[in-house]
Amino acid sequence: MSAPTEGLTFHAFGRATGVRRTVPLRRIVMGLACTVSLSLCLIVSAVLILNARQAVQEETESAFRLAHEAAVRRLPPSHGGRDTMAEAISLAEEIDGLRHVSARILDPEGQPLHRRAHGQLRSDASAPQWFSALMTPPLVEVLVPITHYPNVLGMLRVAADPTDEIAEVWGDFSIILPVLFLAGLAMVGLAFLMTTLLTRGLQSVQAAMAQMQDGRLSVRAPDDRLTEFADLAAGVNALASHLQAERAENDLLQARLIGSSEAERSRIALDLHDEMGPQLFALRAAVNHAQAMTATLPDRPAALDETLDAIACHAVEVQRSARTAINDLRPMLLGEASLTELLAELVTGFRDVASETRVVLDVDPQVEGSSPGELAELSIYRFVRESVLNAMRHGRATVVRVSLDTLPEEPGQIVVRVTDNGNGPEPGPGGDRPPPGFGQIGIQDRARALGATYLPPWRDNRLTHTELRISRPCKPRSR
């Protein structure tokens, strides 16, 4: 399993192509947070504007009714001896000085006769035009006639004026709107923080699972303070412990199987060597005796000499095949040869078989005088033989170097490396490593059963390398 690149992702399959598409969890959460924050800001703003518009309308209508009643009651009668127009102007100025209303004196043609004083001019510059358009209620006004019997001097126009109320509301909104924006921004930031914390916990578990998938079952997912993540990590760790126990049991069974297999190979090799060997020797001796006897016979048939020669040739081939089979079954017999000697013999055999390939053997003196054990030596021998054969057959290498060395940082291990200048393994689709063959699978199983580390072939500096790392011997080999 591979650790994801950005946060946790959800997977979906396309209907037409069947290609899996991934969507990061962070993108989903951030999109929802931004959408919810923007929606809440718009809804709250709309509710506040509607309520404020209703309040402005009620406030201005109430002030208008009071101003209308005052104008009707205080206008002088048309038949008195008072200065009607002067008192109407004074009343208009008094009403115009009130909040939420305006008053004007109009002539009989409807032209204004009285204007607001300069100090009383009201301006809605403090509120934007769009806000004033949203908050302005329907226009409410009334015309009260100014008469002096028998003439109509003009009209007192009383109208609702929400300008100052809208300015006050805008002052409140200029504070509320930034607060709403900051609240939405804080919600988005909180969502980002929570998503980061969640994805960080999930990514730590995913990273541990990826290492477990790569074979490192000793890795454990870190604990977390959140109960859900702690339970998830505990479940993953329990699974890893179970798999680790199963692997240990499988490795033990594999080691026993390898030991039993090698014991059976040894028995078959000894049987071939002890039973088939003398019989083949006796057959060759009998053929040589028959050839010697027929050589003294006069007028012997030529077919007899050809038959005896064919029997002798086949006997030699059968004996060579038997030796090859014995060597494959049991390349080393206890007490007969060391690992270095058998590898040198193997390299010599490769030189004889493929003279165009140069095979070089380098052995560290610290490794040469000790043995990691019989099964480990067999694994090293078969690893070298399989790797060199692959380099010659598939890589078409002209130079192959086999080295036995130790690691300076890990002196307790023997490193067996095979390096060649061949073509190397061809990468699979997408640049992936090609699947291992049966020989590599066998080496990998042996290495895991023995607690060793097998590194499949890889390319570096136009060379192909493969390694087997196995525990170094604890005591010298008895010779």
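Predicted model: local features only at pLDDT ≥ 70, side-chain atom pairs only at ≥ 80, totals over all residues.
Tryptophan 130 is partly exposed, at 47% relative accessibility, where partly exposed denotes the range between buried (under 20% relative accessible area) and exposed (over 50%), computed with a 1.4 Å probe on protein chains only. Residues are numbered from 1 along each chain as its sequence is written, and side-chain values use heavy atoms, with hydrogens and water left out.

Aromatic pairs were assigned when the ring centres of Phe, Tyr and Trp (its six-membered ring) lie within 6.5 Å; planes under 30 degrees apart count as stacked, over 60 as edge-to-face and the rest as tilted. This rule gives 5 aromatic pairs. Tryptophan 130 and tryptophan 170 form an edge-to-face pair, with 5.9 Å centre to centre and 90° between the planes. The pair links distant parts of the chain, 40 residues apart: tryptophan 130 lies in helix α3 (residues 129-135) and tryptophan 170 in helix α4 (residues 163-213). Helices (H or I, at least four residues) and strands (E, at least two) are DSSP runs, numbered from the N terminus. Tryptophan 170 is buried, with a relative accessible area of 18%. A tilted pair is formed by phenylalanine 131 and phenylalanine 173, at 5.2 Å centre to centre and 55° between the planes. Here too helix α3, through phenylalanine 131, is linked to helix α4, through phenylalanine 173, across 42 residues. Both phenylalanine 131 and phenylalanine 173 are buried. Ring pairs join Trp130, Phe131, Trp170 and Phe173 into a cluster.

Nonpolar cores were defined as sets of buried Ala, Val, Leu, Ile, Met, Phe, Trp, Tyr and Cys residues joined through side-chain atoms within 4.5 Å. The largest comprises 32 residues, and those with the most contacts inside it are Phe383, Val384, Val388, Val416 and Leu468. Two or more residues each are given to this core by α7 (339-353), α9 (374-393), β7 (399-406), β8 (413-420), α10 (438-449) and β10 (463-471). The largest share, 9 residues, comes from α9. Valine 384 touches Leu343, Leu346, Val402 and Val416, with residues up to four places away in sequence not counted; contact means heavy atoms within 4.5 Å. A second, separate core of 19 residues includes Ala63, Ala88, Ile105 and Ile146.

An unreviewed UniProt entry lists residues 28-50 and 175-199 under "transmembrane region"; such annotations may be inferred rather than shown by experiment. Residues 28-50 are 100% helix and 0% strand, with end C-alpha atoms 33 Å apart. For residues 175-199 the end C-alpha atoms lie 36 Å apart, and the span is 100% helix and 0% strand.
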